[in-house]
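Open the model in a viewer and keep the selection panel at hand.

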Amino acid sequence: MLFRSEIMSILTDLQDQMKTAMRSRDQSRLDALRLMVSAIKYVQVDNPTLDDAGMVAVLTKEAKKRRESIVAYKAAGRDDQATQEQYELTLIEDYLPKMMT
């Protein structure tokens with residue numbers, strides 16, 4: 001779980017995490033973070049006043065895409081792609097509110 005201060009937005013935190021991944025040369029983490037930033041910025045084009053709640057909605061949609069992709073890749077026998085999608089899903093879930101059990 002990543003802890004964010006109240007004034008730091010999700011986008012700012014993602015961009016800071018990208019810089020850290022670049023410095024540590026963690027390419028798979030960098031790629032996943034870039035996908036999340038890209039998805040948020042794509043929505044910001046239509047809605048420039050996107051707040052954290054809107055960003056959570058975008059990330060929830062991205063998480064759903066990853067879950068569907070994991071199932072499809074496993075059904076097709078593409079375990080390498082399913083592993084990459086699972087990694088991206090875990091990073092996305094770090095930014096989503098925890099579900100109540």
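Select H3 and H4: H3 passes H4 in a left-handed crossing. In this predicted model, the axes of H3 and helix H4 (residues 79-94) come within 9 Å and cross at roughly 160 degrees. Angles over 145 degrees count as roughly antiparallel, and H3 and H4 are therefore roughly antiparallel to each other.

Now show side chains at this contact. On H3, pick Leu59, Glu62, Ala63, Arg66, Arg67, Ser69, Ile70, Tyr73 and Lys74. On H4, the partners are Asp79, Gln81, Ala82, Glu85, Gln86, Glu88, Leu89, Ile92 and Glu93. Colouring the contact of H3 with H4 by class gives 7 nonpolar, 3 polar and 8 charged residues.

Stay on H3 and select Arg66 and Glu62. Which interaction joins Arg66 and Glu62? They form a salt bridge, with the closest N and O atoms 3.1 Å apart. Both residues belong to helix H3 and are 4 residues apart, about one turn of the helix. The structure holds 5 salt bridges.

By class, the residues of the contact of H2 with H3 are 8 nonpolar, 1 polar and 2 charged.

Helix H1 (residues 10-24) packs against H2 at an angle of about 150 degrees, with the axes 9 Å apart. That makes H1 roughly antiparallel to H2, and the crossing of H1 and H2 is left-handed. Select Ile10, Leu11, Leu14, Gln15, Gln17, Met18, Ala21 and Met22 on H1. Facing them on H2 are contact residues including Arg29, Leu30, Leu33, Arg34, Met36 and Val37. The contact of H1 with H2 divides into 11 nonpolar, 3 polar and 3 charged residues.

Last, colour the chain by pLDDT. The mean is 86, and 89% of the residues reach 70 or more. Select residues 1-7, where the pLDDT is below 50; this stretch has 9 contacts in the model beyond near neighbours in sequence. Where pLDDT is low, predicted coordinates should not be read in detail.

How values were computed: Residues are numbered from 1 along each chain as its sequence is written. This is a predicted model: local features need pLDDT of at least 70, side-chain atom pairs count only at pLDDT 80 or more; totals for chains, interfaces and linings use all residues. Side-chain values use heavy atoms; hydrogens and water are left out. Ala, Val, Leu, Ile, Met, Phe, Trp, Tyr, Cys and Pro count as nonpolar, Asp, Glu, Lys and Arg as charged, and the others, Gly among them, as polar. pLDDT is the predictor's confidence in each residue, from 0 to 100. Contact means heavy atoms within 4.5 Å. A salt bridge is a side-chain nitrogen of Lys or Arg within 4 Å of a carboxyl oxygen of Asp or Glu. Helices (H or I, at least four residues) and strands (E, at least two) are DSSP runs, numbered from the N terminus. Axes are lines fitted to C-alpha atoms, for helices over the stretch in contact, and angles run from 0 to 180 degrees between N-to-C directions. Angles under 35 degrees count as roughly parallel, over 145 as roughly antiparallel, 65 to 115 as roughly perpendicular and the rest as oblique. A crossing is left-handed if the near helix is turned anticlockwise from the far one by less than a right angle, and right-handed if clockwise.
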